[in-house]
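Hi,

Here is the structure I promised to pass along. Have a look at it, and then read on for what turned up.

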Amino acid sequence: MKINHLLIFLILMPTFVRSQEIGIKTNFLYWTTTTPNLSVEIPVAPKTTMSVTGSYNPFQFGNKTANKK
């Protein structure tokens, strides 16, 4: 009985699903390197989108003591 309901849902799903208005996404691999990021994607045409991405890395890598006197 549950399989029948799932099958009916999957068949009818495309009839009531709307396309995205605005998409917000992130890249998990950046987060593993302690670089938080966020991206916003908006549609500009029926099959075209525009995305704006930003990330921030608060750490500075390198030898800081070599430049100090």
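Glu-41 is buried: its relative accessible area is 16%, and the cut-off for that label is under 20%. Please keep in mind that this is a predicted model. Glu-41 sits in strand β2, and its side chain makes a polar contact of 2.8 Å with the side chain of Thr-49.

Glu-41 also has a charged partner. It forms a salt bridge with Lys-25, with 3.6 Å between the closest N and O atoms. Lys-25 belongs to strand β1 (residues 23–25) and Glu-41 to strand β2, so this pair ties together parts of the protein that are 16 residues apart in sequence. A search of the whole structure gives one salt bridge.

Ile-22, Ile-24, Leu-38, Val-40, Ile-42, Val-44 and Met-50 make a nonpolar surface patch of about 640 Å². Strand β2 (residues 37–45) supplies the largest share of that patch, with four residues; Leu-38 is found in this strand.

A word on confidence before you zoom in. The average pLDDT for the protein is 77, and 74% of the residues score at least 70. Strand β3 (residues 48–55) has the highest confidence, at a mean of 90, while helix α1 (residues 2–16) has the lowest, at 69. Where pLDDT is low, predicted coordinates should not be read in detail.

Best wishes

Methods
Residues are numbered from 1 along each chain as its sequence is written. This is a predicted model: local features need pLDDT of at least 70, side-chain atom pairs count only at pLDDT 80 or more; totals for chains, interfaces and linings use all residues. Side-chain values use heavy atoms; hydrogens and water are left out. Patches are made of residues with over 30% relative accessible area and no salt bridge: like charges are joined within 9 Å, nonpolar side chains (Val, Leu, Ile, Met, Phe, Trp, Tyr) within 5 Å. Accessible areas come from the Shrake-Rupley method with a 1.4 Å probe; for residues, only the protein chains shown count as cover. A salt bridge is a side-chain nitrogen of Lys or Arg within 4 Å of a carboxyl oxygen of Asp or Glu. Helices (H or I, at least four residues) and strands (E, at least two) are DSSP runs, numbered from the N terminus. pLDDT is the predictor's confidence in each residue, from 0 to 100. A polar contact is a pair of N or O atoms within 3.5 Å; within protein, one must be able to donate a hydrogen and the other to accept it, and residues adjacent in sequence count only if both atoms are side-chain atoms. Buried means under 20% relative accessible area, exposed over 50%, partly exposed in between (1.4 Å probe, protein chains only).
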